Structure formats: C-alpha cells, structure tokens
Amino acid sequence: MFSSKIKLGLGLIGIGREWGYVPSSIPNESDTLNFLIDSYKLNIDFFDTAPAYGLSEKRFGKFLDSLNTIQKKNITIATKFGENWNIQNNDTHVDHSYNALCNSIDQSLGRLGRVDILQLHKSTLQVLMSEDLKRAIDYAKKKGIKIFGASISDIKSGFFVCESDIFSVIQLPYNIKNTSFEAVIDLAIQKNKYILINRPFGMGNILYENTNNNSDKISCQVDAYKFILRKQFHGVILSGTKSVQHLQENIKSFQIALKQITDESVIIK
C-alpha cells in the first residue's frame, strides 16, 4: 500500500467543519462532492479524515460510493478514533474508553466502507499504554483493519509510537515555523515508520503572513514544501484545502519543490 516516496495527500477537515488560520464556512454537499471528484482526477489518492472533523467522514463516504471498485481500491482511506464531533455544540469531545473506541470504529466503517489506516486521535502517553486501546485495536483487527497509527501532539507520545511494534504510521505537524517534532521525525525515519505531515503551512498562517500576490504564494508554498521534503521520509504531506484552485496550486508548488530538491541532491552527489 505504501509508496517509498513522499507524496501529496488531502486532509479532509475543511469539508466537515470550520478550520484554519482564518476559519471559513464549510462547502455545501454538492460542492464537496465535486471537490473530491476533482481531487481524485488530479491524482490525489491518499485521504485523511476523522470523526472529529464534523461532516467529513459522511461526505467522504458519499464520494467513495460514487467510485467503482477499481477506483476505490486505488485510494488509501485513513481515519481516526478517540475524538468525536458533538453536533449540538459544534465542538469535539475526547473519549478513549474501550466502548467509545469500538463504537467509533463501527461508525467509521459504516460511513466509509473500509478503513486502511486507523489512527489514535488526541494521543497521550497514558492512553497509548492503556489496556482499553490495546483491546480496541484487537477489535479493529477483527473488523479487518490492519494498519494502525497515532496522531501525536507531544514529544513523549511521538517517541513511544516510534518505538512501538503496534503502530506503523505516525501523524504530526511540521513546518518552517514549527520544528518541535523534528527529533520524533528523525526517530520515525530510523524506525521505518510511515509519516503523515499535517499543517505544512501552519493552518495557512505561513501563507497569510508572507504573501501579497499569487506569485508570492506559489514561492512561499514551494519553500514550505522544500523544507519538509529535505527530511527524506517515507509518507505523505497532507494539504488541508477544500478548494480545487488551491489544491491545483498546492500540486504545482509540491512538484516544483520536489524537482528542486531532486536537483539539489544530484548536485550534492
């Protein structure tokens, strides 16, 4: 399933709830479906969602239903458990109990049809070591889920995931302005973990602060991607956009960055 190179994937928080440096309203269902179809046509085949992303799983599931068997087989479906969306309050709540984790697994499978990568959301060292999580992972295995990871937000949890035989995937933020998890990334590379990088532009903060026009924006994106690509890991950089135009800009910038990094490597050799 996993490619030996770094590729661009799509984080789906923006299609399900307000999010970002400058929060904006979520697209309607029709626009969301068209966006996902266009993303697939642009060769995006790695999608990362979560129950905590509001309407994201449901909407992504409807997109998956629109694909044929072969198309669906070529997509990697990553989701999470441990944090859920509260419709009444428009916010999230964390629940890492065994029953809640199992209910979340069943709900995600019902919405998505299958789950290729299941990640613990809102990881802490205590939860990562808990019996409830171990039992929930066993439950997930019985449901056909084979690959497990964790989305981490503290260094100790990151190191634990890297050293664990249970988790083959780790998700974490990393960008020019946030290098706090660099040591975790280095250990993950050493331990052959598949790495998912989120917030490559700092939720958009990096772009808003450093660009005045589209040319500046592309240049800023290229620099941001190059900074991450220099780590030379196996995995995915997740774009959090919900706009086809922005996704096209992301793809263009990523490809330019990838070529420039490759050229740099040739020169160094």
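**Helix packing and strands**

Modeller: The axes of helix α4 (residues 98–112) and helix α6 (residues 131–142) come within 9 Å and cross at roughly 25°, where axes are lines fitted to C-alpha atoms, for helices over the stretch in contact, and angles run from 0 to 180 degrees between N-to-C directions. Because of this angle, α4 is roughly parallel to α6, a label for angles under 35 degrees, with over 145 roughly antiparallel, 65 to 115 roughly perpendicular and the rest oblique. This is a predicted model, in which local features need pLDDT of at least 70 and side-chain atom pairs count only at pLDDT 80 or more, while totals for chains, interfaces and linings use all residues. Residues are numbered from 1 along each chain as its sequence is written, and side-chain values use heavy atoms, leaving out hydrogens and water.

The crossing of α4 past α6 is right-handed, meaning that the near helix is turned clockwise from the far one by less than a right angle. On the α4 side, the contact (heavy atoms within 4.5 Å) is made by Tyr98, Leu101, Cys102, Ile105 and Asp106, and α6 answers with Asp132, Leu133, Arg135, Ala136, Tyr139 and Ala140. Of these contact residues, eight are nonpolar, none is polar and three are charged.

Turning to the strands (DSSP runs of E, at least two residues, whereas helices are runs of H or I, at least four), eight of them form a closed barrel in the order β1-β2-β3-β6-β7-β8-β9-β10, with parallel pairing; strands pair if DSSP finds at least two bridges between them. Neighbouring strands of this sheet are turned by 25° against each other on average, direction ignored.

Strand β1 (residues 6–11) holds Gly9, which counts as buried because its relative accessibility is 0%; buried means under 20%, exposed over 50%, and partly exposed in between, with a 1.4 Å probe and protein chains only. Beyond its neighbours within four places in sequence, Gly9 is in contact with Ile44, Phe46, Val236, Ile237, Leu238 and Ser239.

Further along, β7 (residues 147–151) and β8 (residues 169–173) pair in the parallel sense over three bridges, with Gly149 opposite Val169 of β8. Strand β8 also pairs with β9 in the parallel sense, over five bridges, and there Gln171 has Leu196 as its bridge partner. Five of the five residues of β9 (residues 194–198) are buried, so this strand is largely enclosed by the rest of the structure. Tyr194, Leu196 and Asn198 point one way from β9, while Ile195 and Ile197 point the other way.

Methods: Nonpolar A, V, L, I, M, F, W, Y, C, P; charged D, E, K, R; others polar.
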